[in-house]
Amino acid sequence: MKFYYITFRSVTHAQRGERALQREGVRCILLRTPKWMEQRGCGYSLRLWTDQVYPVLKILQAGKVPLGKVYRQGADGQLEEWNFDLS
Amino acid sequence: MIYLDNGATSFHKPPQVYRAVADAMRTCGNPGRGGYREAMTAARKLFGCREQAAQLFSCSPEQVVLTNNCTHGLNIAIRSLVKPGGRVVISGFEHNAVTRPLHALKAQITAAGRDLFDWEDTLEAFEAALKKGADAAVFTHVSNVFGYILPVDQMAKLCRQYQIPFILDAAQSAGTLPLSMEQLGADFIAMPGHKGLLGPQGTGLLLCGAEGQPLLQGGTGSESRQQEMPDYLPDRLEPGTLNVPGFAGLREGLRYLNRVGTDAVYRREHDQLQRCIHGLKELGMKVFSGPHQSATVSFLPGMDCEEAAQFFADRGIALRAGLHCAPLAHESAGTLETGTVRVSFGYDCADGETYDFLRAASKLPRFSQ
């Protein structure tokens with residue numbers, strides 16, 4: 001399983017995301033976004049472990065939750081920004 | 001005390017509202033400002049309040065902006081849609097919370113529809129005014145003085161037809177009458193948290209269907225490097241620390257209403273209203289009643305209205321007299337000089353209280369006005 005951070009611009013957006021994932025049985029943790037991930041300064045993220053992140057992002061997209069960025073654990077164990085395409 | 005001033009605020013709240021306020025004061029930090037337990041607890045209480053409101057009013061949680069009161073929400077909405085000197089159509093029954101912000105903007109105001117309880121007059125005059133063009137329309141759902149329920153579905157339809165953005169003042173209807181943001185298609189709906197929604201004072205909601213312009217700028221706990229306010233809701237319109245205990249209480253009021261349903265509240269209040277109107281008429285009072293009336297009624301007591309209200313207050317009965325911050329509505333009804341005494345029922349009103357009120361009313365000394 002890989003470790004992901006999904007960032008949001010607002011705590012309310014992150015909470016909506018958390019609720020949408022909870023409804024689908026996806027476990028996640030709501031927490032402050034690490035400073036280095038958030039260029040605009042201050043935000044909230046959902047942290048989760050999964051092998052299948054696309055279905056997770058699709059749940060958020062279906063719930064019209066405004067997404068920020070996605071970071072995932074790379075081969076070296078470090079988190080890196082991951083460009084995703086939901087189209 | 002017999003409390004018949006629910007148009008001003010609901011005095012008796014469900015017990016869980018009081019508990020939630022006290023609990024929040026003990027357990028909540030600053031929402032959206034940290035990741036520690038107390039800050040997250042606060043954020044969850046606010047989000048829960050937004051979720052309950054979204055359920056009751058058919059919108060999404062981030063469309064629910066938390067305000068200090070209905071007036072605060074109306075000011076945001078009006079400043080968002082009306083430029084200085086702009087043209088605005090309002091109903092003939094607006095509160096000062098609408099007319100004063102418009103006056104401050106030196107707006108060109110058309111008050112359309114002055115006949116009480118007359119939907120035909122309201123709609124004809126409203127459409128005629130919209131036809132002449134306007135930057136925005138602002139109208140109340142229910143007159144706070146007379147309980148007149150305006151035909152807001154049709155008024156909203158007219159606004160859409162003439163492509164005029166509109167604001168609904170739901171101060172007297174939220175929690176008592178069905179209200180759907182989705183169905184109405186309003187640009188903004190403003191409401192207090194402390195009246196029909198059964199929350200504490202110092203809370204209000206602004207439902208946003210359009211982009212709002214901030215009245216205040218400041219910290220939001222988000223995008224802190226930016227000097228502009230965030231361009232998304234609800235952060236854009238919520239600078240500064242919110243009234244977390246208040247909204248924790250409001251969440252419980254909303255939860256109660258989602259459980260029992262506004263129809264049940266309306267039926268109970270309306271039963272009391274009918275008894276009250278009938279009783280006052282039997283006593284020979286001039287009573288303002290008609291079709292399309294919510295749980296509020298005004299009457300002329302046959303003496304100075306403030307002295308009459310004091311007479312009731314001295315007997316442990318709370319109601320409101322005077323102009324009710326709505327001189328326009330009184331002008332429409334021809335009571336600007338006398339004022340009226342207003343009785344407004346709440347979700348927990350009971351038969352016995354209405355009878356006690358009517359018994360006291362039968363003992364009113366009759367002075368000439």
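Predicted model: local features only at pLDDT ≥ 70, side-chain atom pairs only at ≥ 80, totals over all residues.
**Exercise 1.** Does B:Phe117 count as buried, partly exposed or exposed, and why?

Residues are numbered from 1 along each chain as its sequence is written, and chains are lettered from A and ligands numbered from 1 in the order in which they are written.

*Solution.* Start with the cut-offs: a residue is buried if 20 or more other C-beta atoms (placed from the backbone) lie within 10 Å of its own, exposed if 12 or fewer, and partly exposed in between. B:Phe117 has 19 C-beta neighbours inside 10 Å, so it counts as partly exposed. Next, find its place: the loop between strand S4 (108–112) and helix H5 (119–131) of chain B. Helices (H or I, at least four residues) and strands (E, at least two) are DSSP runs, numbered from the N terminus. Finally, look at the backbone: phi of B:Phe117 is positive, about 60 degrees, though the residue is not a glycine. Most residues other than glycine have a negative phi.

**Exercise 2.** Work out where A:Lys64 sits and whether it is buried or exposed.

*Solution.* Go to chain A and find the loop between helix H2 (53–62) and strand S4 (70–73); A:Lys64 is there. Count next: A:Lys64 has 10 C-beta neighbours inside 10 Å, so it is exposed. Its phi is near 55 degrees, another positive value in a non-glycine residue.

**Exercise 3.** Which residues does B:Tyr347 touch, leaving aside its neighbours within four places in sequence?

*Solution.* First locate B:Tyr347 in the loop between strand S13 (340–344) and helix H12 (351–361) of chain B. With 24 other C-beta atoms within 10 Å, B:Tyr347 is buried. Now list its contacts (C-beta atoms, placed from the backbone, within 7 Å): they are B:Leu198, B:Val265, B:Arg268 and B:Glu269. For B:Gly218, 129 residues away along the chain, the C-alpha separation from B:Tyr347 is 37 Å.

**Exercise 4.** Find the cis peptide bond that B:Pro234 takes part in.

*Solution.* Look in the loop between strand S8 (204–208) and helix H8 (244–260) of chain B, where B:Pro234 lies. The bond joins B:Leu233 to B:Pro234, with omega about 0 degrees. Most peptide bonds are trans.

**Exercise 5.** Describe chain B as a whole.

*Solution.* Begin with the elements: chain B has 12 helices and 13 strands. Then take burial: 55% of its 369 residues count as buried. Last, the C-alpha trace of chain B spans about 65 × 50 × 30 Å along its principal axes.

Definitions and conventions. Contact = placed C-beta atoms within 7 Å.
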